[in-house]
Amino acid sequence: MRIILFAGKGGVGKTSVAAATGIKTSQMGHKTVVMSLDVAHSLADIFDLDRGLLDQNKGQPIKINSKLWIQELDIQEEIQRYWGDIHAYLSSLFNTAGLDEVLAEELAILPGMEEISLLLYINQYVRERKFDVVLLDCAPTGESLRFISIPTTLEWYMNKIFKVERKFAKYLRPVAKRVTDVPLPGDDYFQAIEDLYNKLKGVDKILVDPATTSVRLVTNPEKVVLKETQRAFMYFCLYKMSIDAIIMNRMLPGNVQDTYFNDWITRQQHHLEKAKNYFSPVPIFPVNLFGGEVIGYGHLERLADEIYGAKNPLERFFKENPYQFIKENNGYRLKLKLPFVLKKDIDLNKRYDELVVRIGGFKRHILLPRQVAPLNSVTAKLEEEYLNIFFSGGNHGREKG
Ligand SMILES: Nc1ncnc2c1ncn2[C@@H]1O[C@H](COP(=O)(O)OP(=O)(O)OP(=O)(O)O)[C@@H](O)[C@H]1O
Ligand SMILES: [Mg+2]
């Protein structure tokens with residue numbers, strides 16, 4: 001089984017690229033589902049399907065061809081399926097807080113429920129081997145990063161908080177009733193959480209297993225978009241998810257003659273070069289801007305050819321972690337694989353939240369996590385094929401090259 005996430009900033013082409021990839025893998029004979037994690041679903045629109053068809057289908061997969069399905073989660077349906085007791089408790093809580101009943105029900109859909117529902121599906125599909133390929137059309141960066149953090153956060157909550165909370169509620173319930181109107185959750189609420197947690201077990205391992213899962217970052221050759229892609233790149237690395245390709249969508253084709261676009265073409269080439277510094281050794285796949293919107297099966301097929309050419313979309317285009325951050329006694333260590341490099345050729349330069357590693361004519365920009373960015377004492381050591389870079393000290397430390 002293969003799972004591929006398509007993530008990136010709003011509007012860069014995630015849904016189109018995910019859908020195009022789905023067409024290609026299904027045509028290769030793999031049973032494929034493209035799932036949308038975005039609340040503002042647009043999968044159906046991209047396939048040019050009738051909205052009503054999807055709404056009738058209540059969030060279940062819809063068949064596109066003999067091997068391809070698309071699925072847009074319907075949170076209302078999911079609530080009935082998985083969240084009943086949890087949702088009931090939360091809405092009673094908001095309701096006693098004096099909120100209107102309808103609003104209370106609406107508010108009781110907490111951020112994260114949709115993402116957890118999607119994780120439940122992924123886990124189910126993997127366990128039941130229901131599909132060969134699961135393609136996830138992620139929401140714009142911020143939200144999709146929350147989605148990958150859920151298994152870790154939930155694990156922490158279940159181990160550290162949940163049991164204590166459940167016990168507390170059990171003993172306090174009789175007392176609480178006498179002193180406050182605010183309902184304490186009943187045991188069915190806790191049981192529902194525990195059931196959900198059990199259903200989610202293992203999904204964290206699936207997401208970080210590079211043999212199964214990889215992330216493809218969709219981006220555009222523009223400064224602001226690239227900055228966000230760099231950030232996403234760092235976060236996926238922190239979560240130890242394998243990024244196996246960068247899809248540089250919307251490149252102006254070389255045969256555009258109109259001088260009006262000269263500046264655009266130069267800038268895009270410049271950003272494409274920059275992107276190599278940011279994301280290397282992960283490969284970049286440039287994709288041309290089409291003459292019009294990419295809508296409907298035929299256009300998506302063409303887009304797939306444009307992205308992958310003769311390559312197999314299921315290939316793991318890059319297998320290793322590009323880098324790792326490790327917390328140490330008095331700071332952080334960044335571990336970079338740099339085979340065949342000599343110490344004298346390496347030059348480091350830190351500019352607040354960015355580290356530039358220069359090796360001869362080659363440059364690599366690494367965005368630093370929030371905790372690491374203010375540490376200004378930087379030292380480095382080459383150990384076999386790894387370059388270890390240590391960050392320590394306060395905001396006033398001196399930079400070392
Ligand atoms: N290579 C391309 N050439 C021309 N148009 C494109 C290309 N890629 C995407 N588009 C168009 O850009 C628009 C946005 O694409 P898409 O919906 O796939 O982006 P998205 O990243 O999923 O957006 P959102 O963040 O809103 O979900 C669509 O109208 C799509 O047809
Ligand atoms: Mg989209």
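This is a predicted model: local features need pLDDT of at least 70, side-chain atom pairs count only at pLDDT 80 or more; totals for chains, interfaces and linings use all residues.

Modeller: Start with helix 4, where the buried residues are Glu78, Trp83, Ile86, His87, Tyr89, Leu90 and Ser91.

Biologist: Which helices are included in what covers the buried residues of helix 4?

Modeller: Helix 4 has buried residues, among them Trp83 and Leu90. Their cover includes three stretches: 101-107, 113-128 and 187-200. By name, these are helix 5, helix 6 and helix 8.

Biologist: What does helix 4 span between its end C-alpha atoms?

Modeller: Helix 4 covers residues 75-96. A straight helix of 22 residues would span 32 Å, at 1.5 Å a residue.

Biologist: On which residue is the kink in helix 4 centred?

Modeller: The kink is about 105 degrees.

Biologist: Which residue just after helix 4 takes a positive phi?

Modeller: Look just past the end of helix 4. The phi there is about 95 degrees. The residue is Gly98.

Biologist: Is Tyr197 buried, exposed or partly exposed?

Modeller: Tyr197 lies in helix 8. It touches Leu154 and Met158, leaving aside residues up to four places away in sequence. Buried needs 20 or more C-beta neighbours within 10 Å, and exposed means 12 or fewer. Tyr197 has 15 inside 10 Å, so it counts as partly exposed.

Biologist: Which element gives the most residues to the shell around ligand 1?

Modeller: The shell holds 18 residues, and the closest are Gly13, Lys14, Thr15, Ser16 and Phe290. Two elements give two or more residues: helix 1 (14-27) and strand 7 (243-251). The top contributor, with three residues, is helix 1.

Biologist: How many residues of the shell around ligand 1 are charged?

Modeller: Sort the shell by class. Seven residues are nonpolar and seven are polar. The charged ones number four.

Biologist: Which helix gives the most to the side of domain 1 that touches domain 3?

Modeller: The C-alpha centres of domain 1 and domain 3 are 30 Å apart. Eight residues of domain 1 are in contact with seven of domain 3. On the domain 1 side, helix 10 (223-238) and helix 11 (262-279) each give two or more residues. The most, five residues, come from helix 10.

Notes: Residues are numbered from 1 along each chain as its sequence is written. Chains are lettered from A and ligands numbered from 1 in the order in which they are written. Helices (H or I, at least four residues) and strands (E, at least two) are DSSP runs, numbered from the N terminus. The expected span of a helix is 1.5 Å times one less than its number of residues. The bend at a residue is the angle between axes fitted to the seven residues ending there and the seven starting there. Two residues are in contact if their C-beta atoms, placed from the backbone, lie within 7 Å. A residue is near a molecule or strand if its C-beta atom, placed from the backbone, lies within 6 Å of it. Ala, Val, Leu, Ile, Met, Phe, Trp, Tyr, Cys and Pro count as nonpolar, Asp, Glu, Lys and Arg as charged, and the others, Gly among them, as polar. Domain bounds come from an automatic or database domain assignment.
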